[in-house]
Amino acid sequence: MVWSRFLAAGLACVAGYILLADDVWRAVLHAVVALVAVVAFVRGGYARRRDDRATWVLLLIGLLACVVGDAVVEFGDVEGRAAPVVSVADVLYLVGHAAFVGAVLCLRDADGRVVKVEDVLEASIVATGLGLISWVFLVGHGPAGELPDRLASNWPVVLYPIADGLLVATALILLLSKRARTTPFVLLTVAFCAIALSNPLAYNASTYTFWNGLTVDPATAASLLGYVLLAAYSLHPSRRVSSSVGVEKHVFADRTRLLGLCAASLMAPVVMGVELARGAPVSEWGWIVAGCSMVVVALVGARMACFLSVMRRQASELTTAAMSDSTTGLPNRRRIGELLDRAVDEAADQGILVLIVDIDRFAQINETFGYPVGDTVLREIGQRLVSAAVTDAVVGRLGGDQFVVAVPTQRMPMPAAECAEHFQRCVSRTMFVHDINVALEATVGVVQSSTLPGADADALLQHAHVALTAAKAGHMRLSIYAPAMDCDRREQMRLLGELETAVLQRQLRVFFQPCLDLLTGRVVGVEALLRWQHPREGLIGPGSFLADAERTGMLPAITAYVLEDALACCGALRSKGFRIGISINLSVRNLIDPTLVDQVASALERHDVPSSAVEFEVTETSAMTDPRRSVDALVSLRDIGSSIAIDDYGTGYSSLAYLRSLPVQTLKIDRSFVTAMNSQPTNASIVRSTIELGRSLGMNVVAEGVEDKATLDRLRVLGCDGAQGYHIGRPVPAEELQALVERVEGRVSSGLDVDRDDDASSEAVGPVPQRQ
């Protein structure tokens with residue numbers, strides 16, 4: 001590389017300057033090297049004149065001033081920096097040093113200026129210490145009254161060390177802090193050190209004598225080395241210093257800076273001790289020591305002020321980071337609580353409206369496009385919510401894909417439901433991600449603080465979450481909090497906490513409800529329905545605990561429990577000559593369990609029940625939640641000989657596409673259509689069309705919810721294959737099932753109404769049949 005070759009040649013020339021014996025040739029070589037260094041510096045800077053131009057110009061001024069100063073000393077009638085009287089060369093050298101200091105202070109990187117105020121203060125402390133040493137030990141002693149005369153003849157002697165100390169200390173601070181630790185800046189720092197070293201060498205002696213009478217001017221050699229290094233810096237391909245962002249300081253660097261500052265700060269007492277030890281009168285040196293001490297104290301105070309300012313700024317930044325969401329910049333959960341409490345206090349009796357906005361299917365965006373795109377979508381949603389809210393509303397992000405909006409009721413003159421729909425519309429507007437139109441929707445839970453006197457931020461957020469959960473459970477877009485929701489949730493949580501004990505103590509019981517073949521009048525199967533025989537609250541239906549059990553992972557144990565009891569009952573009945581099958585409900589959690597088929601096969605073998613006697617019921621929604629794995633599980637169950645039924649048909653997808661993809665043999669029409677089919681023509685049409693659909697697809701059709709004889713007769717006329725409901729038989733425990741089956745078949749064979757008991761109506765006491 002050009003800069004390295006020039007550096008090598010320049011160092012060789014400096015060595016030649018030292019070894020030359022002839023003063024004339026030495027002067028010529030010095031002039032040539034200095035001029036070549038200037039030309040190389042200009043050439044390198046011109047090629048990269050856009051890189052930190054101010055620094056380069058100041059360095060060029062400093063280099064030219066020093067080179068001209070050398071020429072004045074070499075060829076003029078002056079004695080240079082060692083002279084007792086100020087000369088033209090001194091002025092040029094001091095201008096050069098001032099330019100070098102300015103160049104360091106102007107250094108820039110991609111983030112702005114590299115040198116900070118605190119760096120200048122630290123360097124000034126070091127420079128003050130060096131100035132004190134220069135004055136006391138180079139200028140000498142003298143009364144304070146002689147100060148004007150002494151300054152007039154010796155001011156360069158003091159200014160040189162001060163300027164050099166400021167220059168070198170600043171450069172070394174940048175190196176230690178790693179903010180400019182690059183090859184070009186190392187060259188620049190070494191050049192400054194060499195030029196700074198030339199000044200004290202010039203004061204001590206003009207020449208040194210080596211072997212064979214060879215004399216060398218070390219000051220001139222040091223300055224010449226500095227010129228070569230400056231030219232190499234300018235020729236380097238990249239002269240911009242490195243960025244300080246993300247660079248950690250080393251402990252060694254911090255300790256070194258601290259030691260340097262301590263040494264400079266202690267310079268005044270050290271000088272005072274030396275002078276006292278020498279017996280010099282205090283009147284000759286006390287005033288200068290006192291003055292430097294005051295300057296150092298002022299600089300240290302300014303440095304501490306900068307330190308405290310940085311600490312305050314960092315504390316403010318940390319507080320802001322702790323109170324805001326890193327992705328969207330909106331208030332985070334902690335800050336939201338403070339803002340909500342303040343909003344509640346300001347709104348007084350009028351109250352505020354708190355909404356939790358949950359983005360539906362947001363996980364699919366992260367899975368499809370990655371988390372960076374997901375973060376972009378979250379930022380866009382946050383901006384939309386802020387734009388859609390009034391000025392003094394609170395908008396924040398709770399975490400994940402949930403946002404909070406709190407609006408003073410008086411500023412949003414519309415019902416709570418309309419307010420929620422307003423924010424839903426702003427979320428669902430078209431959003432393009434990677435040129436794809438992403439359809440977003442939101443579910444909203446709403447709570448009004450005016451209906452909950454004394455509620456704080458935590459309570460409002462908790463109630464809004466309850467409303468959001470209720471909306472999702474009911475497949476609704478929004479829900480407004482009501483106190484009954486809290487009661488239901490507490491009850492569910494209490495029951496969930498007792499469920500594990502119920503499984504271990506066999507408090508769960510399996511009830512069986514018969515299914516009647518409408519063609520033969522025989523009970524061809526029974527459906528297994530789970531109940532909880534609670535020791536304090538009596539019989540509890542599955543709707544109160546199964547949904548939460550599925551979310552907590554307890555469902556596999558409950559499924560195994562039901563499978564064992566159901567197959568044991570079926571096996572016992574079949575051993576007595578009752579050739580009936582049994583239906584067992586499965587949830588989506590069961591369908592994605594890879595051990596399900598093995599578990600079923602083992603249970604069938606254990607209870608000596610043929611697989612053809614077992615039918616597994618799934619709802620449309622559970623089957624289509626994870627279609628691929630659900631279909632695989634159902635096909636595996638069919639392959640071992642069991643049949644598959646779609647339960648609650650008509651309430652889910654109700655699509656021919658999924659009927660074609662699922663291995664289904666039976667359709668069970670939901671009770672909501674069957675119960676009112678005689679009073680509502682629309683329901684009757686749905687039942688009739690479903691029966692015809694099942695017949696055309698070769699499937700059996702079973703109607704649920706048959707609660708009276710008229711409905712049963714109508715189903716026979718329509719050609720329905722089977723029926724199930726309270727009119728035929730209520731769910732009973734295993735020990736009562738045989739009697740129920742015999743009673744139902746006996747009544748049918750005698751031509752009487754199936755229902756014999758007064759409690760068989762829909763108003764009878766007992767749990768409504770629900771799927772497992």
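Let's start with Lys 668, which stands opposite Val 702 in strand β19. Strands here are DSSP runs of E with at least two residues, helices are runs of H or I with at least four, and both are numbered from the N terminus. Before I go on: this is a predicted model, where local features need pLDDT of at least 70, side-chain atom pairs count only at pLDDT 80 or more, and totals for chains, interfaces and linings use all residues. Residues are numbered from 1 along each chain as its sequence is written, and side-chain values use heavy atoms, with hydrogens and water left out.

Back to β19, residues 700-704. On one side, β19 pairs with β18 (residues 666-669) in the parallel sense, over four bridges; pairing requires that DSSP finds at least two bridges between the strands. β19 also runs parallel to β20 (residues 722-724), joined by three bridges, and there Ala 703 has Ala 723 as its bridge partner. Together with helix α27 (residues 709-718), β19 and β20 form a right-handed β-α-β unit. Right-handed means that, with the strands pointing away from you, the path from the first strand over the helix to the second runs clockwise.

How many of the five residues of β19 are buried? Four of them, so the strand is mostly covered. Buried means under 20% relative accessible area, exposed means over 50%, and partly exposed is in between, using a 1.4 Å probe and protein chains only.

Asp 648 counts as buried because its relative accessibility is 19%. Arg 506 also has a phi near 55°, and Arg 506 is placed in the loop between α17 (483-504) and β12 (508-517).

Next, His 463, in helix α16 (residues 457-473). His 463 is buried, at 10% relative accessible area. Its side chain makes a polar contact of 3.1 Å with the side chain of Gln 462, and another of 3.4 Å with the side chain of Tyr 481. A polar contact is a pair of N or O atoms within 3.5 Å; within protein, one must be able to donate a hydrogen and the other to accept it, and residues adjacent in sequence count only if both atoms are side-chain atoms.

Last stop, helix α14. Its buried residues include Val 377, Leu 378 and Arg 384.

Thanks, everyone!
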